[in-house]
Amino acid sequence: MQAPKIKTNIPGPRSKRLSIELQKYECPQITYMDKDFPVFWEKGSGCNIEDVDGNHYIDLTAAFGAANVGHSNQNVVQAAYKQLQKL
């Protein structure tokens, strides 16, 4: 992953298109959306995130346990893969 780097306006054009698509199906009381949010993430590594428009961020949201182990932590990925093979 790269250091934080912004290539497009936030949200970028792909995030805006995905937001329009998501609004067709998602309950507005579940997912907050406005002209500046959400930004759709494409991939993560450690504390770094890349969105679908190629912008790079440091993840400061501390969501879904990523604050503890980081995104794409190989120990977690391997443990999940091992369990998925059993089920």
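Tutor: Before we start, two strands count as paired if DSSP finds at least two bridges between them. Keep in mind, too, that this is a predicted model.

Student: Okay, how many residues sit between E1 and E2 in their hairpin?
Tutor: E1 and strand E2, residues 48-51, pair in the antiparallel sense over four bridges. That passes the cut-off of at least two bridges. In the turn, Gly46 takes a positive phi of about 60°. The number of residues between E1 and E2 is two.

Student: Which residue of E2 stands opposite Lys43?
Tutor: Strands of a sheet pair through backbone hydrogen bonds, either parallel or antiparallel. For E1 with E2, the sense is antiparallel. Gly44 has Ile49 across from it in E2. Across from Lys43 stands Glu50.

Student: And which residue with a positive phi belongs to the hairpin of E2 and E3?
Tutor: E2 and E3 run antiparallel and are joined by three bridges. Four residues lie between the two strands, and a positive phi near 85° belongs to Gly54.

Student: Which strands are at the edges of the sheet?
Tutor: The sheet is open, antiparallel and made of three strands in the order E1-E2-E3. Each edge strand pairs on one side only, and these are E1 (41-45) and E3 (56-58).

Student: How much does that sheet twist from one strand to the next?
Tutor: Three strands form it, in the order E1-E2-E3. From one strand to the next, the average twist is 25°.

Student: Are the faces of E2 covered or open?
Tutor: In a regular strand the side chains alternate between the two faces of the sheet. Asn48 and Glu50 are buried on one side of E2, and Ile49 and Asp51 are buried on the other. Buried means under 20% relative accessible area. Both faces of E2 are therefore covered.

Student: How far is Ala66 from Cys47, C-alpha to C-alpha?
Tutor: Ala66 is found in helix H2 and is buried, with a relative accessible area of 15%. Cys47 is partly exposed at 43%. They are 19 residues apart along the chain, and their C-alpha atoms are separated by 7.8 Å.

Student: How many disulfides does the structure have?
Tutor: A disulfide is a covalent bond between the sulfur atoms of two cysteines. Cys27 is partly exposed at 34% relative accessibility, and Cys47 is partly exposed at 43%. Searching the whole structure, the number of disulfides found is zero.

Student: What kind of aromatic pair do Tyr32 and Phe37 form?
Tutor: The count of aromatic pairs comes to one. Tyr32 and Phe37 form an aromatic pair at 5.9 Å centre to centre, with 35° between the planes. Under 30 degrees would be stacked and over 60 edge-to-face, so this pair is tilted.

Student: What is omega for the peptide bond from Phe37 to Pro38?
Tutor: Most residues other than glycine have a negative phi, and most peptide bonds are trans. Ile10 and Pro11 are joined by a cis bond with omega of about -5°, and Pro11 lies in the segment before helix H1 (13-23). Pro38 is found in the loop between H1 and E1. The bond from Phe37 to Pro38 is also cis, with omega near 10°.

Student: What is phi of Ser72?
Tutor: Ser72 is found in the loop between helix H2 (66-69) and H3. Ser72 is partly exposed, with a relative accessible area of 46%. In this residue other than glycine, phi is positive, near 60°.

Student: Which residue caps the N-terminal end of H3?
Tutor: H3 covers residues 74-86 and reaches 19 Å from its first C-alpha to its last, close to the expected 18 Å. At its N-terminal end, a side-chain oxygen lies 2.9 Å from the backbone nitrogen of Asn75, and that oxygen belongs to Asn73.

Student: How many of the 13 residues of H3 are buried?
Tutor: Gln78 is found in H3 and is exposed, with a relative accessible area of 51%. Its C-alpha is 33 Å from that of Gly12. H3 lies largely in the open, because the number of its residues that are buried is zero.

Methods:
Residues numbered from 1 in each chain as written. Predicted model: local features only at pLDDT ≥ 70, side-chain atom pairs only at ≥ 80, totals over all residues. Heavy atoms only, no water. Expected span 1.5 Å × (residues − 1). Buried < 20%, exposed > 50% of the residue type's maximum accessible area, 1.4 Å probe, protein only. Polar contact = N/O pair within 3.5 Å; in protein donor to acceptor, adjacent residues only side chain to side chain. Axes fitted to C-alpha atoms, helices over the stretch in contact; angles between N-to-C directions. Disulfide = S-S within 2.5 Å. Phe/Tyr/Trp six-rings, centres within 6.5 Å; stacked < 30°, edge-to-face > 60°.
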